[in-house]
Amino acid sequence: MKYNFHEIVDRKNSDSIKWGNLEELYGDKDVLPLWIADMDFKSPDEVIEAFKERADHGVFGYTWKRDSLYNAVIDWVKRRFNWDIKKEWILFTPGVVSGLNIGVRGLTKEGEKVLVQPPVYPPFYRVIHNSRRIANKSPLKHNGERYVMDYEELESKIDEETKLMMLCSPHNPVGRVWTEEELTRLGDICIKNDIIIISDEIHCDFVLKGHRHIPLASMSKELAERTITLMAPSKTFNIAGLSTSIAIIPNEKLRSIYQEEIEAMEIDNITIFGALGLEVAYNNGEQWLSEVLEYIEENIDFAVDYIDKNIPEIKVDRPDGTYLLWLDFRGIDKSPDEINKALIEVGKVALNDGRPYGDEGEGFFRLNIGCPRPILEEGLKRIEKAIKSL
Ligand SMILES: Cc1ncc(COP(=O)(O)O)c(C=O)c1O
C-alpha cells in the first residue's frame, strides 16, 4: 500500500462544507460530520503535484478543452467499463447535478413527468421541481435482503406525459450496483415506452468486490441511442470542489439539444484546475483508486459489523457500491426529529436525515464512511450513545 488512509487530515479550516460549517448547521462545532458525500482523504499524489506545479506558473487565464482531456475520459471509460466512446459524444458540465438539470430542461417540457426511483438523492427532485416538471415516482422495494426495482409498477406509472427517466446507477442512497439483468429489464421498458434516460453514474467507480458497474448505454445500440450518461472524477478522486463533470451522449440529436442548453446557459467552459484534475486523476490515479476501494471495503465491513453487534436497533444492508450506508432506524419507537436531535445533541454526530430522499426515506439516515477508520469508529460510538439515550 502506497497510501495511508488512516491519516487524519484536519479539514476544519479548509473551506469544507462538511467540516467548516458545523456551528451554523448544528449549533455545535464539536459535532462529527459524517453526512455530505465527499471523503476525508487526500487526493492522489499525482493530482496534488500537478496542481502545485500549475499553481507555481502563476497565470490562470481562460483555458479550452484540449484533446488530452477527451482522451483521458475515453481511456478511463474503456479501461474501467470496457465501453468504447467517441470524442464527439463527450460534453463537459460544471457538475453532475447541473448535467441532470440541463438534460431535464432540454429534453422535456414544463408539466411533463420524469420517472425517479425513491428513495433517491434529493437534488433529483429539486431539478424536476425547479424546472416545473413533475416527479413520477416508482419507489424501489426492499425484498428482505436488498432494494430492487419494481418493474411492473414502474411500467404502470408510465403515461403520455412521461418522457424521461432519471436513473441513479449505482444508487445513492441504497448502495445498489444494478446487475446486467436488472438494467436489461429496465432498459427494455424504456425502449418499449420510448423513454429517454439520464443515467447518473457518478458513483460508477465505487463498486465493491463481487460487483460490476455496467454503463447502461454500453449495453446495446438501442440503449446508447436513448441514454445520456453522467460521470465525473469528482467523487472518485475526491475533487468535487473543482466542479468538472461529463455527459456522454452517443445520439446526435439528443447531444445537440443538450449542447444548445449548455450554450444557452453560457456554461460551455472549463476551469484550469478542474481540467487538470480530471486529466491527471483519470490518467494516473488508478493505483490510488484501487487502494481507496480496499480501504472503503474494510470500512464498510467494520461499520456493518459494529452496527450489527452494538446497535442492533439499526438495520443496515451491506452496499454493493458507494461509500454510503443507508441506516434504517424505524425499529426505534421515536420520530425522525427525536432521533436526529439525539444524534446531534447527545451523540454529537451529523448524518443525513432520510426524509429529503423521499417519503420512503422517513426513519432512515445516511452515513458516509469515506473517512479514516478512527473517525468512523468514533462516529459509530457516537451513534450508539445517541441511540442508547432514547
Ligand atoms: C447520485 C449523485 N449525483 C450527483 C451528485 C453530485 O454531483 P455534482 O456535485 O457533480 O453536482 C452526487 C453527490 O453526492 C450524487 O450522489
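Here are some questions and answers about the packing inside this predicted model.

Me: At what angle do helix H4 and helix H5 pack?
Reply: Let's look at the residues first. Val97, Leu100, Asn101, Val104 and Arg105 in H4 meet Pro123, Phe124, Val127 and Asn130 in H5. The residues of this contact divide into 6 nonpolar, 2 polar and 1 charged. H4 passes H5 in a right-handed crossing, and with their axes 10 Å apart the two helices pack at an angle of about 35°.

Me: Is Tyr26 buried or partly exposed?
Reply: Good one to check against the cut-off: buried means under 20% relative accessible area. Trp35, at 12%, therefore counts as buried. Tyr26 has 21% relative accessibility, so Tyr26 counts as partly exposed.

Me: Why is the pair of Phe206 and Tyr323 edge-to-face?
Reply: Both Phe206 and Tyr323 are buried, and their pair links distant parts of the chain, 117 residues apart. Planes over 60 degrees apart count as edge-to-face. The ring centres of Phe206 and Tyr323 are 5.1 Å apart, and the pair is edge-to-face because the planes are at 85°.

Notes
Residues numbered from 1 in each chain as written. Predicted model: local features only at pLDDT ≥ 70, side-chain atom pairs only at ≥ 80, totals over all residues. Heavy atoms only, no water. Axes fitted to C-alpha atoms, helices over the stretch in contact; angles between N-to-C directions. Helix = DSSP H or I, 4+ residues; strand = E, 2+ residues; numbered from the N terminus. Left-handed = near helix turned anticlockwise from the far one by under 90°. Contact = heavy atoms within 4.5 Å. Nonpolar A, V, L, I, M, F, W, Y, C, P; charged D, E, K, R; others polar. Buried < 20%, exposed > 50% of the residue type's maximum accessible area, 1.4 Å probe, protein only. Phe/Tyr/Trp six-rings, centres within 6.5 Å; stacked < 30°, edge-to-face > 60°.
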